[in-house]
Amino acid sequence: MSVDTAPLTKVDSAISGLSSSPPDSKIKHRRASSSAAGVYNINDLESEGKELLIAKETQKLNWKLNTSPATLDDKEVLKKFLTTPPVKKIDLHFPLGLEVTARNMKGVTIKDALDAIHKQFKKKADDELELPVLAGFEWDKEESWTRLKVHQKKEGAPASSGGKKKKNKAGVEEE
C-alpha cells in the first residue's frame, strides 16, 4: 500500500486554534410568556385587593371525585373559567388538610380544577371516600386569599331520567 501524502482538507476544531468553549452569543429574543391577556397571578390580585368570583356551575356538577371529569354530561361547563377574573393557578384546600393546585397559564378552568382533584382521588374506591361528591368551592378572603375551600357531600342529586326506563323492585319496567 502506498501512503497518500495529499494535504488534509478537514481540520479538527480543537487544533485549528479555536477555543473549546462555545461562542459568547447573547439570547437575542426571549419567548413571550404563554399566559393569555387578562389572566392574573393570584398574588397580584391579593395585593390589588381584587375580589374573586367562583363559577356557580361547580355546585351543580354532582361529580364524584374518583371519576374522570371527562365522564360529565355537560362538557361546555368544563371550558368555563373557575374564577372571575381568571387566574394562572389556585390552591384547592380540602377540609382534612389535603391541598391540590390547579394550574393553567391561560386561566384555570373548571376542568383544570377537576383534573387536579381527580389526580388525587382516582385510585380510591367509592367506599373509601367519606364524602365522594363535589358540592362546590368557597373563597374566604379572610382565611386565605390564594385558596379555595373544597366542599364535598355524601351523594349527588338524582340525575334526571332523560327518557330512560327504571325497574321497580319486582323487575317490571316503568316509564
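Predicted model: local features only at pLDDT ≥ 70, side-chain atom pairs only at ≥ 80, totals over all residues.
Biologist: What makes up the secondary structure?

Modeller: Three helices and eight strands. Both are DSSP runs, numbered from the N terminus: helices are H or I with at least four residues, strands are E with at least two. Along the sequence the pattern reads α-β-α-β-β-β-α-β-β-β-β.

Biologist: Why is Ala55 called buried?

Modeller: Buried means under 20% relative accessible area, exposed over 50%, and partly exposed in between, with a 1.4 Å probe and protein chains only. Ala55 has a relative accessible area of 12%, so Ala55 is buried. Across the protein, buried residues make up 29% of the 175 residues.

Biologist: Where does Ala55 sit, and what does Ala55 touch?

Modeller: Ala55 is in the loop between strand S1 (53-54) and helix H2 (75-78). Contact means heavy atoms within 4.5 Å. Leaving aside neighbours within four places in sequence, Ala55 is in contact with Phe81, Leu82 and Ile110. For the protein as a whole, take contacts between residues at least 6 apart in sequence: 60% of them join residues at least 24 apart.

Biologist: Why does Met105 get another label, partly exposed?

Modeller: Met105 has a relative accessible area of 38%, so it counts as partly exposed. Its place is the loop between S4 and helix H3 (110-121). The C-alpha atoms of Met105 and Lys88 are separated by 4.8 Å, though the two are 17 residues apart along the chain.

Biologist: How do you know that Lys79 and Glu76 form a salt bridge?

Modeller: The term requires a side-chain nitrogen of Lys or Arg within 4 Å of a carboxyl oxygen of Asp or Glu. For Lys79 and Glu76 the closest N and O atoms are 3.3 Å apart. The pair therefore qualifies. Both residues are exposed. A search of the whole structure finds nine salt bridges.

Biologist: What makes Arg147 and Glu99 a salt bridge, and which strands hold them?

Modeller: Their side chains meet at 3.2 Å, N to O. Arg147 lies in strand S6 (residues 147-153) and Glu99 in strand S4 (residues 99-103), so the pair ties together parts that are 48 residues apart in sequence. Arg147, at 22% relative accessibility, is partly exposed. Glu99, at 34%, is also partly exposed.

Biologist: How do you know that Glu143 and Lys149 pair?

Modeller: Their side chains meet in a salt bridge at 3.4 Å, N to O. Glu143 is partly exposed at 44%, and Lys149 is partly exposed at 26%. Salt bridges that share partners join Glu99, Glu143, Arg147 and Lys149 into one network.

Biologist: Why is the Trp139 and Trp145 pair called edge-to-face?

Modeller: Rings of Phe, Tyr and Trp (its six-membered ring) pair if their centres lie within 6.5 Å; planes under 30 degrees apart are stacked, over 60 edge-to-face, the rest tilted. The centres of Trp139 and Trp145 are 5.1 Å apart and the planes are at 90 degrees, so the pair is edge-to-face. The rule gives two aromatic pairs. Trp139 is buried at 13%, and Trp145 counts as buried at 13%.

Biologist: What makes a void a cavity, and which residues line the largest cavity?

Modeller: On a 1 Å grid over the protein atoms alone, a cavity is a set of points where a 1.4 Å probe fits but cannot get out; a pocket is an open set with protein on both sides within 12 Å along at least five of seven lines; lining residues have an atom within 4 Å of a point. The structure holds one cavity of 30 Å³ or more. The largest cavity has a volume of about 40 Å³. Its lining is His93, Asp140, Glu143, Ser144, Arg147, Leu148 and Lys149. S6 gives the largest share of that lining, three residues.

Biologist: What is the volume of the second largest pocket, and which residues line it?

Modeller: About 270 Å³. Lining residues include Phe94, Pro95, Phe121, Lys124 and Gln152.

Definitions and conventions:
Residues numbered from 1 in each chain as written. Heavy atoms only, no water. Points joined across faces, edges and corners; volume = space filled by probe spheres on them.
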